[in-house]
Amino acid sequence: MPGLRSAGGPAGRRVSGAARRILTGVAITLSAAVAVVGVVGDARAARADQVRDLEYWLNDYGFSQAWNTTKGAGVTVAVIDTGVDGSITELSGAVVGGTDVSGVGSSNGQTPVGAENEHGTLVASLLAGRGTPTGGGLIGVAPEASILAVSVAFGTSDAVLSNDDQIAEGIRWAVDNGADVINMSLTRNTLDWPTSWDDSFMYAFENDVVVVAAAGNRGSGTAEVGAPATIPGVLTVAGVDQSKEASFDASSQGITIAVAAPSEKLVGVAPGGGYMEWYGTSAAAPIVSGLVALVRSAYPKLDAAEVINRVIETANPNGHTVPSPIYGNGLIDAAAAVSAFVPKSTAATPAELLQEWITLHRRADAEPITPTTSNTPVPVVPDADPPLPEQNSAAGWLPSPLTLTYVSVPLAVLVGFAILVTLFGIGATRHFKRIRSKL
């Protein structure tokens, strides 16, 4: 079974701050690879607006403007990842529930587990960070959305379930516990996925949940999009750099990509506090999940298909031909997504898309066909001869086409010829008698 890894990216760099520390990420055996990231600075030592100054995506992608409409209140996002440390200042009050599906974490999902265990906290803080009471610190793109922490342990043999089964179990738990959005910053690094995911993703779609997945990163060995980003109905996210061009290392490509979001020089909060600069579609995905939360908050009556449609239809092509396997339908635009007029979607719903794929590709084993006829030989009854024509005594004296052709006409010719011969003979005999009488 292929391993799953976090969809992170390459090593980050140290920026500034006292009490610096380096957290080294190890490739998770799933689909999310958290990069080695540098500490930006300890929260206590950083200037109040220092971290905010680094959050270029808030203005560049319309989030600051979108907050005039909504900040995501009333929407719950499940983060299926390595666990979320809800004790950090920026996530105070944000984590409203959680679970562990690995068997090695805490029951509330707030103990980081597995390899690169900082990954889940980075994701959650970028998505729904509240900042600090002093007005500084990291603020997420949907700072009033709620978080469900679902911890999965990748890269360890201690987990009680396989990587694939942890994901399937985590999705079902998230749906049953009120998730409106599920963020999956991980990749399986394969185009396909296990059948257990068919059921769990369909369960999410049928319960009106939007699933957001990272496309993966070339820098982490993901040359093309892998599951869950290949699953029909999933909102797949590619990454771009600060100039809004495709990121070579911190993204990948594929026809299932829906939109693109920033994936380079991003900031998150590590477990225990402290800020980290990181790269990859692991970071781009929670930015889009936060955008989905804003849309669901602004338009609570829209179903999942219409929410996805609004995110896609308001994306900015930014001069590129879209849709494309690199940018999808374009760069996200949070301000437009929560305010622009978007016609009602006529496209298939996520559940319909996945069901169509399952019907075409998951061929059930053929059941033995039971014969519907008896094995006893059935005698062949020949067709009855056609009835004889009725006898007609008068018809026997009348000529038919057959008798005319083969009897009457030839007989008439023969009789006529005989008459001519007879007449010729009679004439010749009389002629000789006249000659003999003259002698």
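**Entry 1: helix H8.** I looked up what covers the buried residues of H8, and the cover includes strands S9 (210–214), S10 (235–240) and S11 (257–262) along with H7, helix H9 (334–339) and helix H10 (350–361). Helices (H or I, at least four residues) and strands (E, at least two) are DSSP runs numbered from the N terminus. I take buried as under 20% relative accessible area, exposed as over 50%, and partly exposed as in between (1.4 Å probe, protein chains only). Nine of the ten residues of H8 (residues 304–313) are buried, so this helix is largely enclosed by the rest of the structure. Among them I noted Glu306, Asn309 and Arg310.

**Entry 2: basis.** The model is predicted: local features need pLDDT of at least 70, side-chain atom pairs count only at pLDDT 80 or more, and totals for chains, interfaces and linings use all residues. Residues are numbered from 1 along each chain as its sequence is written, and side-chain values use heavy atoms, with hydrogens and water left out.

**Entry 3: largest pocket.** I recorded a volume of about 400 Å³ for the largest pocket. A pocket is an open set of points on a 1 Å grid over the protein atoms alone, where a 1.4 Å probe fits, with protein on both sides within 12 Å along at least five of seven lines; lining residues have an atom within 4 Å of a point. Of the 21 lining residues, Gly233, Val234, Ile308, Ile312 and Leu353 are the closest to the centre. S10, H8 and H10 are the elements that give two or more residues to this lining, and H8 gives the most, with five.

**Entry 4: nonpolar core.** I found 106 residues in the largest nonpolar core, where Trp57, Phe63, Ile182 and Phe201 have the most contacts. Such a core is a set of buried Ala, Val, Leu, Ile, Met, Phe, Trp, Tyr and Cys residues joined through side-chain atoms within 4.5 Å. Helix H7 (residues 281–298) supplies its largest share, ten residues. I then checked Trp57: not counting residues up to four places away in sequence, its contacts (heavy atoms within 4.5 Å) include Phe63, Leu126, Pro262 and Ile287.

**Entry 5: Ser297.** This residue lies in helix H7. Leaving aside neighbours within four places in sequence, I listed Thr70, Gly72, Ala73 and Val75 as the contacts of Ser297.

**Entry 6: whole chain.** I counted eleven helices and 13 strands. Of the 439 residues, 51% count as buried.

Terms used:
Grid points are joined across faces, edges and corners, and a volume is the space filled by probe spheres set on the points.
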